[in-house]
Amino acid sequence: MLVYTLRRIVGMIPTLLVISFLVFFVIELPPGDYLSNQIAQLKAQGEASSVAKLEFLRHEFALDAPFWQRYLIWIGAWPGPHGFSGLLQGDWGWSFEFGKPVEQVVGPTLLLTVVLNFTTVLFVYIVSFPIGIYSATRQYSWGDYGFTLLGYLGLATPNFLLGLIMLYLSNRWFGLSVGGLMAPEFIGQPWSVDKFLSVLAHLIIPTIVIGTSGTAGMIRRLRANLLDELHKQYVTTARAKGLSETKLLVKYPMRMALNPFIADIGNIIPSLVSGSVIVSVVLNLPTVGPILLTSLQSQDQFLAGFIILFVSVLTLAGMLISDILLAMVDPRIRLGAEAGR
Amino acid sequence: MSILSIQDLTVDFKSMEGGLRAVDHASFSIAPGRTTALVGESGSGKTVISQAIMGILPEAAQITNGKILFNDPADGVETDIAKLDPGGRRMRDLRGNRIGIVFQEPMTSLSPLHTVGDQIGEAARLHLGLTGKQARAATRDMLRLVQFPDPERALDTYPFELSGGLRQRAVIAMALICRPALLIADEPTTALDVTIQAEILRLMNQLQSELDMSILLITHDFGVVANMAEEVVVIYRGRIMESGPVDEIFRDPQHPYLKALLHAVPRFDMEPGERLAPLREIKPETGGHLMKPREETGSRGAPIIEVDRLSKNFMLRSGGMFQPPRMVKALNGVSFTVKRGECLGLVGESGSGKTTTAMAMLHAIRPSSGQIRYDMNGEAVGGLRDISTLQGEDLMAFRRKIQVVFQDPFSSLNPRMTIYDILSEPYIIHKSCNVAERNERIAELMRLVGLDEKHLGRYPHSFSGGQRQRIGIARALALGPEVILCDEPVSALDVSVQAQILNLLKDLQDKLGLTYVFVSHNLAVVDYIADRIAVMCRGMVVELADKSALIRDPRHPYTQALLEAVPEPSLDHLLDFDALSAGRASDPQAWPEPFRPRPDGPAPELTEVAPDHFVLAPGLTEAAAA
């Protein structure tokens with residue numbers, strides 16, 4: 001088991017390398033870069049003095065180097081104009097758009113992004129698990145139909161619309177401040193109990209809004225998986241032993257239906273992040289989503305590259321967790337991996 | 001006093017198209033300590049009866065009449081199971097405790113996520129109130145009782161780590177851990193190889209006397225019935241046709257259905273030329289295009305296919321990223337010759353490589369080494385040609401000459417194509433004739449296999465298993481082949497249908513001058529249809545001879561073990577359970593000299609021990625060479 005985990009972690013390194021290369025490649029695909037766009041603009045306005053400064057900056061950030069060198073400098077495997085200074089060394093690059101290091105731009109948002117993602121995944125799982133089981137064991141009952149209808153509504157309603165409605169209602173009924181992840185008076189303040197509670201209260205709406213469609217999909221998947229399992233021979237065997245229906249359900253088919261459920265942890269994260277960009281803008285959430293949007297618009301390459309890479313790392317971490325959980329839950333995976341040794 | 005008495009039981013199924021009566025006023029009883037066999041073909045309602053006894057009927061089914069009286073010898077209380085709530089306390093107390101059940105499929109009847117020990121001990125924890133530790137000890141004893149090689153270790157293994165035979169032992173242990181008064185065995189050995197079947201049957205016999213329980217054995221196999229049962233109940237379409245002690249049933253069957261069924265089973269002691277009598281015989285109607293003399297037919301008895309030192313290795317993906325893949329030898333130097341006009345039987349247990357051989361002969365897989373030569377008589381090049389060198393038009397011509405009938409009649413026909421589409425496809429692929437002639441030929445094919453050409457517009461689902469298999473045969477015959485490879489064509493069929501298909505295949509061979517390669521695990525079936533038999537084990541041919549020589553005078557220890565393990569549907573040739581050596585017989589390392597294979601030697605060659613009787617015996621070969 002330990003060997004399996006270690007091997008999975010080692011296996012992530014080449015994956016990360018490939019991802020980082022792809023990210024860099026895609027970001028560099030549009031012609032020019034942030035600075036050359038600026039230069040073109042300034043030239044059009046006839047401001048030659050600034051152009052010289054920007055040309056200097058271009059050299060400073062090695063933007064005039066060939067593609068592969070730029071990539072290696074970015075990840076920190078090649079000396080840049082100021083020696084080795086890239087992702088591997090902990091230097092996340094410079095954001096031209098915001099005029100400060102990437103670290104300072106995204107730093108405050110990263111933790112909140114992770115927290116929001118974590119609570120959303122938790123929400124999706126906590127809500128969909130009992131409903132999925134209910135729907136499968138009482139197939140074609142009124143409850144099943146009701147949840148199915150709700151699920152389709154959840155899938156079909158645009159997230160931002162749902163967000164706006166919920167914001168309005170919560171403001172009317174509970175007096176929650178509109179938007180943001182905390183009440184305005186706490187922004188920039190040190191952490192305190194009140195601030196924490198405020199963050200929790202403000203997490204509810206985004207969590208529900210971002211999680212709805214994921215929950216709906218998850219309920220359908222769990223229901224389908226469980227329905228498949230309920231009629232398998234081993235369930236009949238267990239019933240023939242005299243187990244009561246509830247015990248039987250929990251011990252056998254539910255364990256089996258858990259597999260796809262766990263395997264989805266990794267998949268759900270990128271869809272949550274990319275799906276939450278608009279919601280984050282609408283709800284004014286300080287997550288990386290809106291920053292990613294701005295950076296892509298202005299071709300702020302180091303910033304965009306870093307955020308995409310960050311989301312990839314989150315996804316890989318999710319995959320790792322789900323793989324390890326799967327190996328723990330399912331002996332076929334665990335022993336299959338060890339049987340080959 | 002009977003332990004279980006079923007009186008006037010009726011079970012109805014509700015469905016969209018209206019009701020279906022699965023069991024119709026059935027009555028029979030099971031005596032204490034005895035084995036009662038419930039015999040019937042698929043769909044006869046025998047499994048429904050077992051489900052009714054266990055209270056695990058599907059939701060759509062309902063007991064509409066009758067009683068199921070269970071008389072527990074432990075406390076003498078009589079319970080009417082039909083009246084109990086299937087999910088209720090009292091039924092659950094009986095189920096798995098006083099009545100145990102063993103299902104047909106050992107592969108699927110255990111949960112893959114729980115250890116064997118956990119699943120077996122569960123019933124003991126539930127019914128006997130044992131603690132986890134006590135249950136573990138009880139499970140260990142039980143595993144020892146069902147003769148697990150290493151009970152202590154087996155407790156913590158998962159079902160997928162065990163072979164089919166061991167899994168079925170585990171299922172039996174699970175059913176018996178609470179020492180039930182009645183064991184229901186629902187086709188307990190149907191999914192197993194014949195040597196393992198014999199061991200499981202022996203085990204059930206031993207356990208019965210040890211635990212003093214009654215067994216309700218549900219089966220369609222008269223061989224199993226003859227060897228196991230004391231009482232026999234024959235069921236047909238939900239009705240009990242006949243019941244009585246086993247010797248009366250076999251020696252003096254009364255009901256015409258039972259008589260017919262007994263005559264439909266192939267036996268080893270059949271007279272040469274004796275035909276099976278299916279319930280409904282098909283008369284193949286021949287004429288027209290199919291009977292047109294083909295341009296040439298080589299002389300009968302000349303080699304048509306030569307399989308020469310064929311080997312096939314499969315690479316298994318291993319778990320690790322950097323480990324080399326493991327190699328499995330599916331075929332190891334297989335050589336034999338098929339003669340024109342004969343039927344060669346290929347017999348072996350699962351994993352013996354018989355299907356791989358057949359697929360290689362079809363040029364459907366590429367062998368790792370060795371050759372298959374086919375007699376392309378009269379074609380441009382002519383003579384025996386290595387089929388792996390055939391290309392273009394030659395290859396198409398070869399494909400027309402050799403066709404295949406598959407095992408599973410349900411998955412081998414595309415459910416989205418009508419029978420007309422299925423039968424016209426070969427003609428379309430080979431662009432062999434115009435539409436008018438094609439339609440005539442298709443109609444002829446239908447008549448040839450005894451089907452009505454009016455049904456050409458139907459889809460496969462509206463045909464029964466036997467009818468579908470006939471469609472598969474018609475498809476194989478469409479292009480006028482010389483050779484037909486039959487890959488277990490009757491093993492998914494009921495006894496009566498099996499006889500029908502076997503007779504049809506025999507008649508077609510006579511009329512059309514076909515050559516068959518008949519792959520099967522069932523020795524009796526192969527004995528009925530084949531002229532010569534090749535026995536395969538672990539990717540090697542171990543014995544090859546005329547069928548009479550092979551059946552009467554088997555030389556190889558594996559062939560002998562295989563023959564010993566076949567339960568014959570007759571009381572005169574009962575299995576000798578004490579003499580069974582089957583478990584070890586399929587392990588080449590356990591064969592005595594001169595049969596033991598040489599691990600590092602060249603590909604094994606057969607030795608001729610009698611005229612046309614070949615045996616794999618490296619010791620003899622070496623002696624002859626020396």
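The model is predicted, so local features need pLDDT of at least 70 and side-chain atom pairs count only at pLDDT 80 or more, while totals for chains, interfaces and linings use all residues. Residues are numbered from 1 along each chain as its sequence is written, chains are lettered from A and ligands numbered from 1 in the order in which they are written, and side-chain values use heavy atoms, with hydrogens and water left out.

**The interface.** Select chain A and chain B together: the contact (heavy atoms within 4.5 Å) takes 27 residues from chain A and 30 residues from chain B. Next, pick A:K241 and B:E122, whose closest N and O atoms are 2.7 Å apart in a salt bridge, a term for a side-chain nitrogen of Lys or Arg within 4 Å of a carboxyl oxygen of Asp or Glu. Between the two chains there are three salt bridges.

**The largest cavity.** Now select A:T113, A:L116, A:N117, A:T120, A:I210, A:L272, A:V273, A:S276, A:T287, A:V288 and A:G289, which line the largest cavity. On a 1 Å grid over the protein atoms alone, a cavity is a set of points where a 1.4 Å probe fits but cannot get out, and lining residues have an atom within 4 Å of a point. The space in this largest cavity is about 80 Å³, where volume means the space filled by probe spheres set on the points, and points are joined across faces, edges and corners.

How values were computed
1 Å grid on protein atoms, 1.4 Å probe; cavity = no way out; pocket = protein on both sides within 12 Å on 5 of 7 lines; lining within 4 Å.
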